Amino acid sequence: WTMHELSNDSFDSMAATDLNNNGVMTGHAVNYAEPWWQHTGFLSSMDGPGSDSIFEMDQIQSYGIVINDAGVAAGYSNDDDQLIRFELVDGAPVATALGDLESGTFTPRLNRINELGMICGVVPKGGGIFRAFQWTSQDGLQTIMTGSNVQVTDMNEAGEVVGGSNDGAFWYDDGHLEMLPGDVALAIDDEGRVLLQDDTAGSSL
């Protein structure tokens with residue numbers, strides 16, 4: 001095993017949240033010296049010291065959450081509720097706001113960013129209500145469904161999203177929502193095959 005220590009002279013700590021197949025991580029760095037405790041999204045390679053890319057956004061708190069194999073990460077800012085894309089453009093770190101998640105005081109839960117840059121996740125709305133969403137370059141930020149205990153569990157490379165809620169498992173693609181047998185869809189592969197969990201029967205389908 002080779003240990004890779006996350007550290008940056010400008011920040012007190014770094015917390016990674018995801019790792020792609022090329023050894024690039026995303027997460028957030030923290031500077032406790034700032035009166036507002038600066039949290040800043042980053043990309044970091046296992047190539048060693050000097051491989052960190054910090055996405056400073058003035059006094060906006062930002063967090064990298066998921067990353068694809070192209071090295072593009074997705075996260076959010078909790079000052080203005082924006083969905084954020086983190087990437088390197090000509091070697092320079094660029095953070096792009098993609099739309100208002102309307103998360104308020106709640107923390108968005110990002111599930112995945114695929115190789116096309118599509119992003120999916122859920123936003124808590126309080127009282128056990130969650131709004132599932134997907135972002136694509138073609139349609140922007142779209143609501144999949146809102147309801148009790150809605151969760152997004154997976155998205156394939158074509159952008160098909162699956163998950164579940166109190167109403168059961170669901171499948172979503174390009175504006176079309178379909179309820180599936182079972183309580184929750186656990187995964188979807190790139191052929192569109194869905195793994196379903198039926199809690200009543202105590203089995204997977």
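Analyst: Asn 166 is exposed, its relative accessible area being 54%, where exposed means over 50%, buried under 20% and partly exposed in between, judged with a 1.4 Å probe and protein chains only. This is a predicted model, in which local features need pLDDT of at least 70 and side-chain atom pairs count only at pLDDT 80 or more, while totals for chains, interfaces and linings use all residues. Residues are numbered from 1 along each chain as its sequence is written, and side-chain values use heavy atoms, with hydrogens and water left out.

Asn 166 sits in the loop that runs between strand E14 (161-165) and strand E15 (168-173); strands (E, at least two residues) and helices (H or I, at least four) are DSSP runs numbered from the N terminus. Apart from residues up to four places away in sequence, Asn 166 touches Ser 148 and Asn 149, a contact being heavy atoms within 4.5 Å. With Asn 149 there is also a polar contact of 3.0 Å between the two side chains; such a contact is a pair of N or O atoms within 3.5 Å, and within protein one must be able to donate a hydrogen and the other to accept it, with residues adjacent in sequence counting only if both atoms are side-chain atoms. Thr 153, which is 13 residues from Asn 166 along the chain, has its C-alpha atom 14 Å from that of Asn 166.

Ser 53, in strand E4 (residues 52-54), is buried at a relative accessible area of 13%. Leaving aside neighbours within four places in sequence, Ser 53 is in contact with Gly 41, Phe 42, Leu 43, Leu 88 and Pro 93. Ala 92 belongs to strand E8 (residues 92-100) and counts as partly exposed, with 34% relative accessibility.

As for the whole, the protein chain has 0 helices and 19 strands. Its radius of gyration is 18 Å, close to the 17 Å that the globule rule gives for 205 residues, so the chain is as compact as a globular protein of that length; the radius is taken over C-alpha atoms, and the rule is 2.2 Å times the number of residues to the power 0.38. The C-alpha trace spans about 55 × 40 × 35 Å along its principal axes, and buried residues make up 47% of the 205 residues.
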